[in-house]
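The sequence and structure are shown first, and the description follows.

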Amino acid sequence: MSEFLSPGEARCEYSLRRNDLAKENEIERVLRERGIATIEMPLSADDFKRFSEGMAICLDECPEQLAETFFKADSRYGGEAGYTRKEKKIDERTGLQKADPKSYFHFTEAARGCWREQFKNGPKVLRDFLEDGYEIQDALMGLAKETIGELENAHPNISKLYFPDGNSYSFLRLLRYDGYEAHSVKSEVAKPHYDISGLTIQAYADAPGFWAAKDGVNGRRKHYDTAEHEAYTFMGKGHEKVYGKIDDIKPLWHGVDRIIPAGVTWVPERTAVILFVDAPNVDYHLNQHDTLPQLVGAKTLALV
Ligand SMILES: [Fe+2]
C-alpha cells in the first residue's frame with residue numbers, strides 16, 4: 001500500500017470542495033479568468049542573480065561536490081533534488097541545436113537537512129550557495145502560503161492540503177542556461193507543457209519568452225515578461241488531479257519561446273527561478289502524458 005494518499009483519498013481526508021457561495025478573492029477571480037495571476041515579489045533581481053552566480057562558481061570550483069547533491073526525493077513523479085546537468089541536443093537533420101545546454105538545481109525541504117550534514121565540512125562556495133537557496137525557498141514559500149491562503153474562502157481546507165500540520169513539500173528550481181551563438185539554434189527554450197505541481201510561482205526570469213495559454217493546448221498564447229518585484233502564479237496538473245471537476249481554476253498550459261534581438265550574435269547565460277508547491281501527503285498519480293499531452297498525440301499519430 002502506498003505511503004501517500006491518492007487524489008480521491010485526499011479529497012475525502014481534507015474534505016475538499018469548491019464553495020460557490022463564498023466571496024471570491026481578487027487573486028482567485030484572476031486565476032479563474034486568466035489561469036495566471038501577478039503577485040508581488042519581495043526579492044530583488046540582484047538576489048536571484050547572486051543565487052545563479054553561486055551555482056556557476058560551484059560548477060567552476062567544486063563540480064564533484066555539486067554533483068553529489070543529487071538524489072531522488074521519493075517515489076513520486078518529478079521528485080528529484082540537487083544538481084542536474086542537461087547537455088545540448090542537436091537536430092540530426094539540420095545540425096542545429098534544438099535543446100539548450102543547462103544546469104539546474106532543485107531545493108526541497110527534506111534535502112536541506114541532508115545537505116547541511118553532508119557538506120558541513122564541504123567547500124564554502126557550495127555551503128554559501130545552498131544557504132542562499134534555503135533563504136530564497138523560504139521567501140517564496142511565504143508567498144505561496146499567502147497565495148494559497150487567498151484561495152481558502154472558495155476552497156475550504158486547501159491550506160491543509162498543501163501545508164498539513166505546518167508541513168510543506170516544495171521544489172525550488174534554479175535553471176541556468178549556457179550562453180550560445182545566436183545563429184546555431186532553433187526551436188523554443190521550453191516546450192509547451194503543464195507543470196506537475198499543485199501551485200507554481202514563476203519567480204524570476206532574466207530573459208523574455210515565457211508564454212501561457214489560458215484555454216489550454218489549442219488556446220491563444222500570451223507572453224508574460226517578469227518585471228522587477230513581480231512574479232506569476234498558476235496551477236499545475238497536480239491541483240487538477242486532486243480537485244477534479246469540482247474546481248474551475250484550471251492548470252496552465254505554458255512554455256518559453258526563444259527571443260533573440262536583431263543583430264545579436266552571442267546570447268549570454270540566462271537564469272530562471274521557479275517554485276513548485278505540492279501536497280506533502282498526496283501522490284497525484286501523474287505521468288508524462290498528463291504534463292506533455294503532445295507526446296501522446298505524436299505516438300498515437302505514429303501508430304495510425
Ligand atoms: Fe513549467
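Helix axes are lines fitted to C-alpha atoms over the stretch in contact, and the angles between N-to-C directions run from 0 to 180 degrees. The model is predicted: local features need pLDDT of at least 70, side-chain atom pairs count only at pLDDT 80 or more, and totals for chains, interfaces and linings use all residues. Residues are numbered from 1 along each chain as its sequence is written. Helices (H or I, at least four residues) and strands (E, at least two) are DSSP runs numbered from the N terminus.

**A pair of helices**

Helix H3 (residues 45–61) packs against H6 at an angle of about 150 degrees, and the two axes are 9 Å apart. The pair is therefore roughly antiparallel, a term for angles over 145 degrees. H3 passes H6 in a left-handed crossing, that is, with the near helix turned anticlockwise from the far one by less than a right angle. Among the residues that make the contact are Phe51, Met55 and Cys58 of H3, together with Leu126, Phe129 and Ile136 of H6; contact requires C-beta atoms, placed from the backbone, within 7 Å. By class, this contact has eight nonpolar, two polar and five charged residues. Here Ala, Val, Leu, Ile, Met, Phe, Trp, Tyr, Cys and Pro count as nonpolar, Asp, Glu, Lys and Arg as charged, and the others, Gly among them, as polar.

**The nonpolar core**

A nonpolar core is a set of buried Ala, Val, Leu, Ile, Met, Phe, Trp, Tyr and Cys residues joined through C-beta atoms within 7 Å. A residue is buried if 20 or more other C-beta atoms lie within 10 Å of its own, exposed if 12 or fewer, and partly exposed in between, with C-beta atoms placed from the backbone. The largest such core has 68 residues, of which Ala203, Val273 and Leu275 touch the most other members. Helix H6 (residues 124–150) gives the most to this core, with eight residues. Leaving out residues up to four places away in sequence, Ala203 touches Met41, Leu140, Ala231, Val273, Ile274 and Leu275.

**Individual positions**

Phe107 belongs to strand E6 (residues 102–107) and is buried, with 24 other C-beta atoms within 10 Å. Beyond four places in sequence, Phe107 is in contact with Gly133, Tyr134, Gln137 and Leu172. The C-alpha atoms of Phe107 and Gly79 are separated by 11 Å, although the two residues are 28 apart along the chain. Gly79 itself lies in the loop between strand E2 (71–72) and strand E3 (80–86).

Pro123 is found in the loop between helix H5 (109–118) and H6. Setting aside residues up to four places away in sequence, Pro123 touches Glu61, Cys62 and Gln65.

Most residues other than glycine have a negative phi. Asp165, however, has a positive phi of about 50 degrees, and His285 has a positive phi near 55 degrees. Asp165 is placed between helix H7 (158–162) and strand E7 (169–177), whereas His285 lies between strand E16 (270–278) and helix H9 (288–291).

| Residue | Other C-beta atoms within 10 Å | Class |
|---|---|---|
| Gly79 | 18 C-beta atoms | partly exposed |
| His285 | 15 C-beta atoms | partly exposed |

Definitions and conventions:
Contact = placed C-beta atoms within 7 Å. Parallel < 35°, antiparallel > 145°, perpendicular 65-115°, else oblique.
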